[in-house]
Amino acid sequence: CYVISTHITRNLHCTLRACPANLLWKFFMSIGRYTNLVGYRSLGRKLLQRAYRLAPAKSRHAVLLEFSKLEYFAMHFNVSIGLLNYGITCFPSEWKLLLERIQQLVLKQQYLDALQLNIDALSKHVGAGRLWSSYIHIVHQCVQWCLITLRVFGQEAAMQAFTGALRHVAKSGEVWCEGARIFLDPSCSYFHLRNAGVALSYSIFFTPQYGDSYIEVGSMAFR
């Protein structure tokens, strides 16, 4: 462990010396993210604070997003939400902040609130494929067994969301992956392995870096 720690420290020092001044904020943000993931949250906060001070004004939304994630992992939910709300107010064009808040609501099982925020976000950022995939996922997976919400959650609603998304972001791999999940759902009337395979092929073609598509391809082998 000592040898590994020494090696990492040496690499960080070399990276810091070689990093251009205008990119130092990204360096501190990346290290802050890493230290948070391994549990050193106090150090992570200091690194992210430094990243925020160094970041140009137009890029500070990225640091706020990482800071919000850190506080959420630390179970400081109100602080995390406050950081996101501040970021959303200051950077209304940055849809990733809205997506993070949507995901937080889903984790809290506040599906109706998540769905409403997702719909509001799409009204402003109709070209964001990840917002569309989030919308499809919530409608398909987060089923509410309540008569009032059956019309907005479930298989039919998910298929409508998927076909609607294709009219706006047909080249989004994330959207095609969510479509494949609908076709792979054995309880769904749209269950169709061949259609799922086609959707996953499009997903990998358009967004090859999206890991979920490969996971779903692997799951098809067991069906």
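The structure holds 5 salt bridges, a salt bridge being a side-chain nitrogen of Lys or Arg within 4 Å of a carboxyl oxygen of Asp or Glu. The model is predicted, with local features needing pLDDT of at least 70 and side-chain atom pairs counting only at pLDDT 80 or more, while totals for chains, interfaces and linings use all residues. Residues are numbered from 1 along each chain as its sequence is written, and side-chain values use heavy atoms, with hydrogens and water left out.

| Salt bridge | N to O distance |
|---|---|
| R33 and E66 | 3.1 Å |
| R181 and E178 | 2.6 Å |
| R181 and E216 | 2.9 Å |

R33 counts as partly exposed at 33% relative accessibility, whereas E66 is buried at 11%, where buried means under 20% relative accessible area, exposed over 50% and partly exposed in between, computed with a 1.4 Å probe on protein chains only.

R181 and E178 both lie in helix α10 (residues 173-183), 3 residues apart, about one turn of the helix. R181 is buried at 14% relative accessibility, and E178 is buried at 3%. R181 also forms a salt bridge with E216; because E216 lies in helix α12 (residues 211-220) and R181 in helix α10, this pair ties together parts that are 35 residues apart in sequence. Salt bridges that share partners join E178, R181, D212 and E216 into one network.

Turning to the rings, the structure holds 8 aromatic pairs, in which ring centres of Phe, Tyr or Trp (its six-membered ring) lie within 6.5 Å, with planes under 30 degrees apart counted as stacked, over 60 as edge-to-face and the rest as tilted. The rings of W132 and Y135 have centres 6.0 Å apart and planes at 65 degrees, so this pair is edge-to-face; both residues lie in helix α8 (residues 129-141), and W132 is buried at 9% relative accessible area. F205 and F206 are also edge-to-face, because their ring centres are 5.3 Å apart and their planes stand at 70 degrees. F205 counts as exposed at 64% relative accessibility, and F206 as partly exposed at 28%. One aromatic cluster is formed by F162, W176, F183, Y202, F205 and F206.

Technical notes:
Helix = DSSP H or I, 4+ residues; strand = E, 2+ residues; numbered from the N terminus.
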